[in-house]
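User: I am new to reading protein models. Could you take me through this one, step by step?

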Amino acid sequence: MTVENESGTESIKDKSRQIYFSLVTLFILSSIFLLYTLLSQQFKPYFQISQTLCTLWLGTIILNLDRKKVLGDKDIIRACLPLNIVCPLLLFSLNTYQNLIVYNIVLAFFAVYFLFSFPISHKTNLIFYIIFTIEYIVVSIFHGIFSPIEFINSGAILLNLLLLSLGVSLRQSNLYRDDLNHCRRNLNQLKNSQGSSEEGDPILGIFSRSGGMKVLKQTMKWAERYEIPLTVCYMELNGSRDEHINSITRGIFKRIRETDTLFRLGKAEMLLILPDCEKNNALDVIKHIKETLSTTPSYKLLHYGLADFQSEIIRSPNEFIIIANKASETA
């Protein structure tokens with residue numbers, strides 16, 4: 001669908017821009033640290049040379065990046081590769097236990113920055129950490145001042161593992177939230193694109209059956225792709241006249257969200273699509289709808305049935321509606 005493709009393309013462009021500005025930020029930080037190492041007397045010449053080459057490499061990569069090109073994991077690996085060389089060299093040049101502890105703390109926080117700043121895959125992230133861990137172990141074995149036990153006692157391994165696990169869990173939470181927001185934007189765009197006179201009911205202010213089925217089909221795809229809960233509610237109302245149904249739908253609209261979709265299945269039957277809503281939460285929505293309709297005795301919800309997309313084996317929107325209909329009970 002065109003709406004989904006346009007939104008997906010925009011999401012890829014956003015990710016590319018985030019990678020570019022993260023690399024620029026990394027270059028600025030590397031340049032500041034390079035200036036500090038050149039002015040300070042405590043860094044050995046081989047490390048100063050390595051840091052200079054690393055910063056120049058990063059700057060050259062950024063200058064040669066095509067802003068019109070979509071950036072990905074390969075660009076990040078290519079730009080950050082010298083970091084896997086410079087960091088162990090810096091570790092090898094440390095000569096006091098206090099500097100070792102500071103190094104590990106800074107490294108741990110940089111790991112979290114890397115996790116959140118660069119939208120890279122878990123596979124790429126894992127490659128970076130495996131390479132660096134091997135280098136860290138090698139340096140700890142051959143270091144002339146500190147023993148491997150002193151490296152462990154400095155808290156490096158525990159601190160890095162702690163912050164890494166925290167970063168991964170928080171990043172997963174952020175990715176879920178981003179996916180959810182992406183789904184909501186796509187759903188709103190789809191609803192706006194389908195809200196024409198052919199697909200909507202201008203008298204009732206809701207979708208017709210054909211328009212509603214298109215929204216349901218696409219919402220099911222997004223729910224499956226992003227693993228977002230989806231519940232539908234089949235409702236049978238007392239009456240079939242448009243003006244009667246129109247009054248009831250106004251009461252329903254007061255109790256549902258902007259991302260929810262209401263469409264007419266038949267003369268007195270409606271379907272309510274509730275994305276990002278568990279079945280137990282959908283029961284609360286139905287309860288609020290019944291309370292709203294109860295203020296006018298002539299408006300009544302006769303039957304309703306709920307179906308959860310995740311807990312059922314559903315292959316089509318029609319099958320989804322049938323399951324909800326079979327589960328209907330007296331309101």
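User: Which helices each supply at least two residues of the lining of the largest pocket?

Analyst: This is a predicted model: local features need pLDDT of at least 70, side-chain atom pairs count only at pLDDT 80 or more, and totals for chains, interfaces and linings use all residues. Residues are numbered from 1 along each chain as its sequence is written, and side-chain values use heavy atoms, without hydrogens and water. Helices (H or I, at least four residues) and strands (E, at least two) are DSSP runs, numbered from the N terminus. The helices asked for are α1 (2-39), α2 (45-64), α4 (83-93) and α5 (97-117).

User: Which lining residues lie nearest the centre of the largest pocket?

Analyst: On a 1 Å grid over the protein atoms alone, a pocket is an open set of points with protein on both sides within 12 Å along at least five of seven lines; lining residues have an atom within 4 Å of a point. The largest pocket has a volume of about 770 Å³. Its lining has 24 residues, and nearest the centre lie Phe33, Phe47, Leu90, Tyr103 and Val106.

User: Is Phe142 buried or exposed?

Analyst: Phe142 sits in helix α6. Buried means under 20% relative accessible area, exposed over 50%, and partly exposed in between (1.4 Å probe, protein chains only). At 58% relative accessibility, Phe142 is therefore exposed.

User: How is Pro148 classed, and what separates its C-alpha atom from that of Val138?

Analyst: Pro148 belongs to helix α7 (residues 148-153). Its relative accessible area is 37%, so Pro148 is partly exposed. Val138 is 10 residues apart along the chain, and the two C-alpha atoms are separated by 9.6 Å.

User: Why is strand β5 largely enclosed by the rest of the structure?

Analyst: Strand β3 (residues 230-237) pairs with β5 in the antiparallel sense over seven bridges; two strands pair if DSSP finds at least two bridges between them. Strand β4 (residues 261-264) also pairs with β5 in the antiparallel sense, over four bridges. Strand β5 (residues 269-275) is largely enclosed because buried residues make up six of its seven.

User: Which residue of β5 is the bridge partner of Arg264?

Analyst: A hairpin of four residues joins β4 to β5. Tyr234 has Leu271 as its bridge partner in β5. For Arg264, the partner is Met270.

Conventions:
On a 1 Å grid over the protein atoms alone, a cavity is a set of points where a 1.4 Å probe fits but cannot get out, and a pocket is an open set with protein on both sides within 12 Å along at least five of seven lines; lining residues have an atom within 4 Å of a point. Grid points are joined across faces, edges and corners, and a volume is the space filled by probe spheres set on the points.
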